[in-house]
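Please walk through the structure below with attention to its sheet, its helix packing and its charged pairs.

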Amino acid sequence: AVQAVRDLCRGEGGGDILVFMPTERDILETVEALRAHADKRGGGVPPVVLPLFGRLSPGDQKKIFQPVKGRKIVVATNVAETSITVPGIRYVVDTGLARLASYNVRARTSKLPIVPVSRASCDQRKGRCGRVGPGVCVRLYSEEDYLNRPEYTPPEILRTNLAEVILRMISLRLGEPARFPFLDPPSGRAIQDGYALLTELGALDRKLQLTAHGRLMARLPLDPRIARMIIEARDHNALREVTVIAAGLSIQDPRVRPVDKEAAADAAHARFSKVPSDFFFFLALWDAYHNTLDKLHSLSRMRKFCVSHYLSFPRMREWRDIHEQICQVLAEEPGFVMNTQPASPEAIHRAIRSGNLRNIAVKKEKNLYLTGGGREVMIFPGSSQYGKTGDWLMAAELVETSRLYARTVAGIEPEWIEPLAGELCRSSYSEPHWEKGRGQVVAYAKISL
């Protein structure tokens with residue numbers, strides 16, 4: 001990709017260049033290489049090289065729309081494919097790759113693999129150049145490769161967990177998902193997995209009818225797993241804390257790390273990371289943000305707070321909106337009263353664990369754990385709990401990229417699991433023997449989830 005850009009820069013004629021790369025790391029490495037090359041060239045006006053990806057701060061994203069002296073080179077993910085139109089692009093360099101989120105029904109994990117994009121996406125990328133005049137698209141793959149690709153990107157309903165869809169359909173009485181006339185019907189295995197998760201969470205009974213918990217979960221604007229945490233929090237008197245954490249888990253990470261200020265951003269975020277678990281990060285950030293909000297009473301000052309703490313203001317606002325919706329729903333439900341005294345870390349973690357029974361793991365070695373089915377998972381290196389967790393942990397999600405990672409984790413006690421799992425647990429007995437002192441035949445029990 002870098003070589004293709006250099007060749008275009010050596011050619012005749014001006015015009016800005018848009019380069020499509022699959023990941024944030026690829027973008028940063030490409031930007032660094034192009035800037036280094038521009039510095040070595042000397043003479044003339046060097047090109048301005050800019051990154052563009054979803055986690056970039058709004059200020060850095062706006063730079064791509066500003067006019068510059070000389071040539072502009074924008075290195076972007078597929079966010080520039082349809083979401084944003086970069087003005088003045090005459091050349092496109094397309095790697096033909098993207099990171100595509102999907103759900104692995106068999107392994108019950110999320111995947112973020114780098115995959116070849118569809119022909120429709122290739123054509124969409126080509127259309128980014130020459131919108132107001134002639135343009136050139138350089139594809140870094142063969143025509144044969146292009147022709148062998150699927151025509152369209154698989155629709156999201158074929159690559160997502162269907163639990164939330166099924167819960168809404170049952171709540172709205174839209175009929176059985178297997179018989180519903182979807183434009184792209186999901187597989188039977190995916191539908192079965194969605195039903196299984198809802199049953200595990202207590203949203204459905206054995207006849208696959210909505211329970212009282214299920215009706216409330218359908219009303220909350222949340223993933224069913226996160227909604228289940230809120231219901232459990234009521235019983236542990238930890239509703240205030242868990243509603244904040246639940247809303248935080250429903251948005252994109254509010255932290256931003258500008259390309260040239262990573263160290264400053266990490267230092268600002270570290271203030272909220274000295275907590276008992278990754279889940280408490282959300283609570284620490286929320287409390288700091290709202291303590292400031294109560295004092296300032298000004299949107300412009302809150303924006304300054306977000307800038308100084310390297311936070312996304314739109315995501316912080318979205319977080320508040322979701323939390324407000326949750327509170328409005330709970331206000332109409334009997335028994336859901338916000339606790340005025342701070343809940344203990346154990347009470348909060350017990351409530352959160354109710355939505356994460358699938359994502360429990362036991363330690364194999366430092367930072368490496370075994371989940372159900374014997375799969376090996378590593379704590380995500382960016383976690384505040386990396387190298388700190390005990391023998392058991394739970395994770396908000398298991399995500400497969402270069403390997404399987406546990407993201408947003410907390411240490412738990414195994415004694416917490418069995419009372420909550422209930423009928424999901426299986427018992428087996430071995431070595432029956434006579435105990436003279438007790439006057440009984442006893443055996444060893446093994447409980448598995």
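**A parallel sheet and its surroundings**

Strand β1 (residues 16–20) and strand β3 (residues 72–76) pair in the parallel sense over four bridges. Two strands are said to pair if DSSP finds at least two bridges between them; helices (H or I, at least four residues) and strands (E, at least two) are DSSP runs, numbered from the N terminus. The model is a predicted one, in which local features need pLDDT of at least 70 and side-chain atom pairs count only at pLDDT 80 or more, while totals for chains, interfaces and linings use all residues. Residues are numbered from 1 along each chain as its sequence is written, and side-chain values use heavy atoms, with hydrogens and water left out.

Axes here are lines fitted to C-alpha atoms, for helices over the stretch in contact, and angles run from 0 to 180 degrees between N-to-C directions.

How many residues of β1 are buried? Five of its five residues are, where buried means under 20% relative accessible area, exposed over 50% and partly exposed in between (1.4 Å probe, protein chains only). In a regular strand the side chains alternate between the two faces of the sheet. In β1, Asp 16, Leu 18 and Phe 20 lie on one side and Ile 17 and Val 19 on the other, and both faces are covered.

Next come the helices. The axes of helix α13 (residues 299–308) and helix α14 (residues 313–331) come within 9 Å and cross at roughly 115°. The two are therefore roughly perpendicular to each other, by a scheme in which angles under 35 degrees count as roughly parallel, over 145 as roughly antiparallel, 65 to 115 as roughly perpendicular and the rest as oblique. On the α13 side, Leu 299, Met 302, Arg 303 and Cys 306 meet Phe 313, Met 316 and Arg 317 of α14, contact meaning heavy atoms within 4.5 Å.

The charged pairs remain. The structure holds 25 salt bridges, a salt bridge being a side-chain nitrogen of Lys or Arg within 4 Å of a carboxyl oxygen of Asp or Glu. One of them joins Arg 125 to Asp 94, with the closest N and O atoms 2.7 Å apart. Arg 125 lies in helix α4 (residues 119–126) and Asp 94 in strand β4 (residues 89–94), so the pair ties together parts that are 31 residues apart in sequence. Both Arg 125 and Asp 94 are buried.

Glu 423 and Arg 206 form another salt bridge, with the closest N and O atoms 3.2 Å apart. This pair links distant parts of the chain, 217 residues apart: Glu 423 is in the loop between α16 (417–421) and β15 (426–435), and Arg 206 in the loop between α7 (188–200) and α8 (212–219). Glu 423 and Arg 206 are both exposed.
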